[in-house]
Amino acid sequence: MKTGQTRLTSKALLFILLLSIVVAAVPWITMQRIDARLTENPPNNGIVAFELAENADHARGMIDGWGPELSILARKSIIVDFVFIPAYAFLFFSITMLMSLLSAGAPHAWVRRAAYLPFVSGLADVVENIFLLLILKSPHDIPSLYPRIAAWCAAVKFGLLALVVVVWIIVALAWLIKRGARKALGPAS
């Protein structure tokens with residue numbers, strides 16, 4: 001009996017990986033250049049600091065520190081991030097799915113589930129960006145909830161991506177240990 005479920009092959013996953021790297025490269029470079037501009041003068045606040053501002057006074061202080069020209073660049077960086085989000089989500093997804101090929105049994109299923117966390121991270125990033133744009137639109141009349149929502153979404157985004165990287169490390173270490181054990185046992189295994 002067929003379940004109708006299709007599986008991504010390792011070839012398809014490698015294609016998604018390479019495509020996501022290519023698609024992510026331009027926005028990532030653009031955002032890095034903008035962030036370098038934002039952080040070149042004291043108090044050296046970049047986009048990540050802005051994402052994690054948590055309160056209106058802190059966010060307003062950063063915007064005032066940047067001034068009008070750099071605030072426009074910050075807005076541009078956030079808009080470019082909307083292109084970057086699906087690219088990094090698919091990048092993390094494809095790496096995690098490829099890592100799942102190194103595991104078996106229950107860990108395999110958990111690794112495959114973890115592969116979808118980057119998409120949840122991407123959704124949190126979209127909400128974060130919307131609230132950051134709203135903050136930049138009215139920097140002197142920032143509702144207190146906006147920076148909190150943006151900071152919470154940023155924490156979720158970074159936390160989920162960090163969790164996925166921890167999964168990669170665990171899978172790689174387990175695979176290396178298993179491989180080492182097989183070599184130690186020799187050809188009989």
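Which residue forms a salt bridge with K157, the closest N and O atoms being 3.2 Å apart? In this predicted model, the partner is E128. A salt bridge here is a side-chain nitrogen of Lys or Arg within 4 Å of a carboxyl oxygen of Asp or Glu. E128 belongs to helix 5 and K157 to helix 6, so the pair ties together parts that are 29 residues apart in sequence. Helices are DSSP runs (H or I, at least four residues), numbered from the N terminus.

Before going further, a word on how to read the model. Residues are numbered from 1 along each chain as its sequence is written. Because the model is predicted, local features need pLDDT of at least 70 and side-chain atom pairs count only at pLDDT 80 or more, while totals for chains, interfaces and linings use all residues; side-chain values use heavy atoms, with hydrogens and water left out. The term pLDDT stands for the predictor's confidence in each residue, from 0 to 100. The chain has a mean pLDDT of 92, and 95% of its residues reach 70 or more. Confidence is lowest in helix 4, with a mean of 90, and highest in helix 5, at 98.

K157 has a further partner. D125 also forms a salt bridge with K157, and here the closest N and O atoms are 3.6 Å apart. This pair, too, links distant parts of the chain, with D125 in helix 5 and K157 in helix 6 (residues 145–185), 32 residues apart. Both D125 and K157 are buried, and E128 is buried as well. Buried means under 20% relative accessible area, exposed means over 50%, and partly exposed lies in between (1.4 Å probe, protein chains only). Together, E51, D125, E128 and K157 are linked in a network of salt bridges.

Just after helix 6, G186 takes a positive phi of about 85 degrees.

S121 is buried, with a relative accessible area of 0%. Leaving aside neighbours within four places in sequence, S121 is in contact (heavy atoms within 4.5 Å) with Y88, K157, L160 and L161.

Elsewhere, the whole structure holds 6 salt bridges. One of them joins the side chains of E69 and R37 (3.0 Å, N to O). E69 sits in helix 3 and R37 in helix 1 (residues 10–38), 32 residues apart. E69 counts as exposed at 53% relative accessibility, whereas R37 is partly exposed at 31%.

Finally, the surface carries a nonpolar patch of about 570 Å², made by L102, I169, L173, W175, L176 and I177. Patches are made of residues with over 30% relative accessible area and no salt bridge; like charges are joined within 9 Å, and nonpolar side chains (Val, Leu, Ile, Met, Phe, Trp, Tyr) within 5 Å. Accessible areas come from the Shrake-Rupley method with a 1.4 Å probe, and for residues only the protein chains shown count as cover. L102 lies in the loop between helix 3 (56–100) and helix 4 (105–114), and is partly exposed, with a relative accessible area of 37%.

Note on methods
Helices (H or I, at least four residues) and strands (E, at least two) are DSSP runs, numbered from the N terminus.
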